[in-house]
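Subject: Structure handover

Hi,

Here is the structure I said I would pass on.

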Amino acid sequence: MARTQVILFLLAQMILGALFLYSGIVKMLEPKEFLQSIEAYRLVLYEVAWLTAYYLPPLEILVGLGVFIRQWRRACASLIAVMMLIFTTALILAWARGLDINCGCFGASSEASNYWIVLGRDLILLFLAITVAIYADTKASRLFTKKFVAGASAKPTLETN
């Protein structure tokens with residue numbers, strides 16, 4: 001695998017993992033505001049919105065971490081792709097109905113979403129998730145695990161002359 005492909009895979013993995021970690025942490029810190037963002041879409045009952053507001057952030061943190069763990073990488077990236085499809089569908093439905101909402105993607109905000117920007121970002125994240133899921137068990141993935149993860153946990157040795 002070419003060095004460029006390895007770098008692109010690592011970038012996709014790092015962006016995906018970092019954004020989902022950040023997103024989950026921000027939402028977990030303000031679950032009531034996230035609940036309001038979910039309710040603004042007017043797609044689900046209050047009970048479903050409440051469950052989503054309290055259980056989606058830990059899931060986002062878990063899959064954000066999971067893309068960095070070789071054994072979990074494909075499953076977590078695939079789950080992120082499914083989540084991105086759901087988020088993108090909800091966004092398109094809100095846009096089609098003319099709702100002036102904050103997407104709630106990265107916590108509470110008083111600004112209404114710019115649908116074109118949020119849709120573009122969602123599609124890029126969907127592409128990254130699919131890319132990481134497809135190439136999760138390739139040389140680039142194994143190289144990352146060997147060099148960075150295994151290297152960080154290697155025991156130092158004492159050399160003598």
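First, the ground rules. This is a predicted model, so bear in mind that local features need pLDDT of at least 70 and side-chain atom pairs count only at pLDDT 80 or more, while totals for chains, interfaces and linings use all residues. Residues are numbered from 1 along each chain as its sequence is written, and side-chain values use heavy atoms, with hydrogens and water left out.

Overall fold

The protein chain has six helices and zero strands, with helices (H or I, at least four residues) and strands (E, at least two) taken as DSSP runs and numbered from the N terminus. Along the sequence that reads α-α-α-α-α-α. The chain has 161 residues, and 40% of them count as buried; buried is under 20% relative accessible area, exposed is over 50%, and partly exposed is in between (1.4 Å probe, protein chains only). Take the contacts (heavy atoms within 4.5 Å) between residues at least 6 apart in sequence: 70% of them join residues at least 24 apart.

The helices

How do the end-to-end spans look? The expected span is 1.5 Å times one less than the number of residues. H4 has 24 residues and reaches 34 Å from first C-alpha to last, close to the 34 Å expected. H5 (residues 115-134) has 20 residues and covers 28 Å, again close to the expected 28 Å.

H4 buries Arg-73, Cys-76, Ala-77, Ile-80 and Met-84, among others. In H5, Tyr-115, Val-118, Leu-119, Asp-122, Leu-125 and Leu-126 are among the buried residues. Helix H1 (3-29) and helix H4 (73-96) are part of what covers the buried residues of H5.

The largest pocket holds about 540 Å³ of space. Of its 29 lining residues, Phe-34, Leu-56, Ile-86, Phe-87 and Ala-90 are the closest to the centre. For the record, the search ran on a 1 Å grid over the protein atoms alone, and a pocket is an open set of points where a 1.4 Å probe fits, with protein on both sides within 12 Å along at least five of seven lines; lining residues have an atom within 4 Å of a point. H1, helix H2 (31-40), helix H3 (46-66), H4 and H5 each supply at least two lining residues, and H4 gives the most, with six. By class the lining has 20 nonpolar, four polar and five charged residues.

Cysteines

There is one disulfide, meaning a pair of cysteine sulfur atoms within 2.5 Å. Cys-103 and Cys-105 make it, with their sulfurs 2.4 Å apart. Cys-103 is buried at 14% relative accessibility, and Cys-105 is buried at 17%. Cys-76 counts as buried as well, at 9%.

Where does Arg-42 sit? It lies in the loop between H2 and H3. Arg-42 has a positive phi of about 55° although it is not a glycine, and it is exposed because its relative accessible area is 59%. Gly-98, which follows H4, also has a positive phi, near 75°.

Ile-92 is in helix H4 and counts as partly exposed at 41% relative accessibility.

Cheers

Methods. Points joined across faces, edges and corners; volume = space filled by probe spheres on them. Nonpolar A, V, L, I, M, F, W, Y, C, P; charged D, E, K, R; others polar.
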